[in-house]
Amino acid sequence: MLEDKIHLVATLLAIVDVGVCVDDYTLHKQLYSDIIQPNNPNIRPVRNTSDVLQVYVTFNLVAITEFDEVSEVLASTGYMTVTWRDDILTWDPVLYGGLLSMRPAFGRVWKPSIAVQNTVDKMEPLGLDFGILVLYFSGTLTWYPGDTFKTTCKMDVTKFPFDVQTCFFNVFVWADTISTIDLLPVSNSIGLDIYNVNSEWDITNTSATRHTEHVLDHEIPNLTFSLELTRRPSMKILTVVMPVLLLSLLNVLVFLIPVESGEKLSFTITVLLSFAVFMSFITNMLPQSADSLSVFTLLMAGLFLMSSLYVLLTIWIIKVFHRDSSRRPVPLWVSRLAGGEKGCCGSIRIHPTDRQSGMARSSSRDMDKSRREMTWKRVSETMDMFFFWTFLILTVSMMAVAAFKILF
């Protein structure tokens, strides 16, 4: 017993002497030589090969650099916090001057081959060339692989520009099954502590879930990090929605322009071309897939068809305006529709049919004819007012229905 006590005291004195006389660099060098250099980074670090190595993952988003709505690709910058326990790389801090952690060389320790599944670039494991590693005395390893991720994001633009999109980051372990490595989320959300706010999209919700997939009779663990993005509509309202609505209201005013001005047809053609430009602009801005169709796009298509109809109606009105009433009298049914006086014949022009009525009655009817006669000019003016109120009510109704569909 006495010898054991003497040996213990000598060991403690040696440790104290090392802690006092040896600097931290020498201790790190010695620790590196003892546990890092002999380590084989190609072997899964478990004492028992039947043990499942649990890997904990957190995704930290730094910024959304681009959201290509046409190709449905989300470009973002972020890094992952990956933690697992290495049963081989452990040490007693007492023997190394109280060192609790170190940063081993990137290529000298085993790392899980984590990759993002729904990337649009080449698929490869994260951190092949560079990564920060922190090793603790208990064998716990923390790895921080960072990258720029370009992932697919299926868009639903039904409620554009008040749409909400949900994008995913599907993370899996390359060439490993759940019998060897299991992926687990640290929390049920994405880390946003250092996130840089995007000018067009707001992050309203995040989540992290674990599930498994069966590939060739193998069960593979997967983590899905979801990101709910809500569009900031103010810019789209000012640059797209408001001009389209104003154009549609201005377009109806073509029926208030007098034919005598000579600008009636040119006005409606100009507005039609403006609609065509906006249709092209919106088509190039939204996804090309047919999975979802924007209510605003449908409204634009309806307004564009109405604008095309305005051109045809304007040509018809101009033609009616310049029709000669003396050569082609206005039919009675047209006069009645246009609000003229009621007559008894097929034409508003009154032709004496009873020669026995005498010259006096014939002369009286000729005097009344000028007061009761409906001209094609008056018919065209009536058509203008009728089309103006009809299409104004139709346009406002279409806008109201579209707004209800988008907002509710």
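**Figure 1. Arg44, a buried residue without a salt bridge.** Arg44 is buried but forms no salt bridge, and the nearest side chain of opposite charge, that of Asp176, is 6.0 Å away. Buried means under 20% relative accessible area, exposed over 50%, and partly exposed in between (1.4 Å probe, protein chains only). A salt bridge is a side-chain nitrogen of Lys or Arg within 4 Å of a carboxyl oxygen of Asp or Glu. For charge, Lys and Arg count as positive and Asp and Glu as negative, while His and the chain ends are not counted. This is a predicted model, in which local features need pLDDT of at least 70 and side-chain atom pairs count only at pLDDT 80 or more, whereas totals for chains, interfaces and linings use all residues. Residues are numbered from 1 along each chain as its sequence is written, and side-chain values use heavy atoms, with hydrogens and water left out. Arg44 sits in the loop between helix H2 (24–36) and strand S1 (53–68); helices (H or I, at least four residues) and strands (E, at least two) are DSSP runs, numbered from the N terminus. The Arg44 side chain reaches the backbone oxygen of Asp51 at 2.7 Å. Beyond its neighbours within four places in sequence, Arg44 has contacts (heavy atoms within 4.5 Å) that include Trp110, Thr180 and Ile181.

**Figure 2. The salt bridge between Lys154 and Glu72.** The two side chains meet at 3.8 Å, N to O. Lys154 lies in the loop between S7 and S8 and Glu72 in the loop between S1 and strand S2 (73–85), so the pair ties together parts that are 82 residues apart in sequence. Glu72 is buried, with a relative accessible area of 11%. The whole structure holds 10 salt bridges.

**Figure 3. Glu200 with Arg231 and Lys236.** Arg231 forms a salt bridge with Glu200, their closest N and O atoms being 3.2 Å apart. Because Arg231 is in strand S11 and Glu200 in the loop between strand S9 (181–185) and S10, the pair ties together parts 31 residues apart in sequence. Arg231 is buried, at a relative accessible area of 3%, whereas Glu200 is partly exposed, at 26%. The side chain of Lys236 also meets that of Glu200 in a salt bridge (3.3 Å, N to O). This second pair links helix H3 to the loop between S9 and S10, 36 residues apart. Lys236 is buried, with a relative accessible area of 12%. Through shared partners, salt bridges join Glu69, Asp163, Glu200, Arg231 and Lys236 into one network.

**Figure 4. Helix H3 (residues 234–252) and its kink at Val241.** H3 has 19 residues and reaches 26 Å from its first C-alpha to its last, close to the expected 27 Å; the expected span is 1.5 Å times one less than the number of residues. A kink of about 35 degrees lies at Val241, shortly before Pro243; the bend at a residue is the angle between axes fitted to the seven residues ending there and the seven starting there. The buried residues of H3 include Lys236, Val241, Val244 and Leu247. Those buried residues pack against strand S11 (218–231), helix H4 (264–285), helix H5 (295–321) and helix H8 (376–407).

**Figure 5. Backbone geometry at Pro161, Leu216 and Asp217.** The peptide bond from Phe160 to Pro161 is cis, with omega near 5 degrees. Pro161 lies in the loop between strand S7 (146–152) and strand S8 (164–173). Leu216, in the loop between strand S10 (201–215) and S11, has phi near 55 degrees, a positive value in a residue other than glycine. Asp217 is in the loop between S10 and S11, with phi near 65 degrees. Leu216 is exposed, with a relative accessible area of 73%, and Asp217 is exposed at 81%.

How values were computed
Polar contact = N/O pair within 3.5 Å; in protein donor to acceptor, adjacent residues only side chain to side chain.
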